[in-house]
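Hi,

Here is the structure I promised to pass on. My notes on the packing follow below it.

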Amino acid sequence: STIVVTIDGPAGAGKSTVARLLAERLGFEFLDTGAMYRCVTLAVMRSQIDANDESAVQKLADELTIDLVGAHVTLNGEDVSAAIRTPEVSTSIKAIADNVAVRRLLSDLQRRWTQGRCVVTEGRDQGSEVTLTSLAFAKQRLLTMLACLNALYLVRLVYWLVLSKKF
């Protein structure tokens, strides 16, 4: 079965740290969505494509193979775990992250990556796009749980009223 926990919050709030720690604590996998955007950014930098040329970036992104295995990130079979964490990649990522076609492509990749796994993730579009079906399921489950709790509360209240002879 698939279980996806998403962490949302403002930039710089420590979402990645919390998500990694929660995944470790739960025994879940961590989906590092930022690493995926960093891979596309690194590929764009290496190919010397203009990061603001959305169609060229999309075409390149379509041809990439990005894999996440534990703490290792591979791009077309090359371990780029360290290369994607450089200041150059960090300063160049904005144009890639703002590219709607790249976001759609990576959202699809992230959705497929979570299938059949227990995952904690954070990042852009996770709660609103990538795991929307998971959120809809979670919302329905929460409503069901609340209904059960309300019923249990009502049973206890009636029980108390009967025992205390206030009914």
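The buried residues of H3 in this predicted model are Val57, Leu60 and Ala61, where buried means under 20% relative accessible area and exposed over 50%, with partly exposed in between (1.4 Å probe, protein chains only). They lie on the same side of H3 because they cover an arc of only 100 degrees around the axis, the arc being that of the directions from the helix axis to the C-beta atoms. The face turned away from that buried side carries the exposed Ser55 and Lys59. Helices here are DSSP runs (H or I, at least four residues), as are strands (E, at least two), numbered from the N terminus.

The buried residues of H3 pack against H2, H4 and H5; contact means heavy atoms within 4.5 Å.

Now to the cores. A nonpolar core is a set of buried Ala, Val, Leu, Ile, Met, Phe, Trp, Tyr and Cys residues joined through side-chain atoms within 4.5 Å. The largest one has 28 residues, and Val40, Ile66, Leu75, Val102 and Leu106 have the most contacts inside it. H2 gives the most to this core, eight residues. Leu106 touches Met36, Tyr37, Val40 and Ile66, leaving aside residues up to four places away in sequence. Apart from this core lies another of five residues, including Ile7 and Phe30.

Overall, the chain has seven helices and six strands, and 31% of its 167 residues count as buried.

Two notes on conventions. Residues are numbered from 1 along each chain as its sequence is written, and side-chain values use heavy atoms, without hydrogens and water. Local features need pLDDT of at least 70 and side-chain atom pairs count only at pLDDT 80 or more, while totals for chains, interfaces and linings use all residues.

Best wishes
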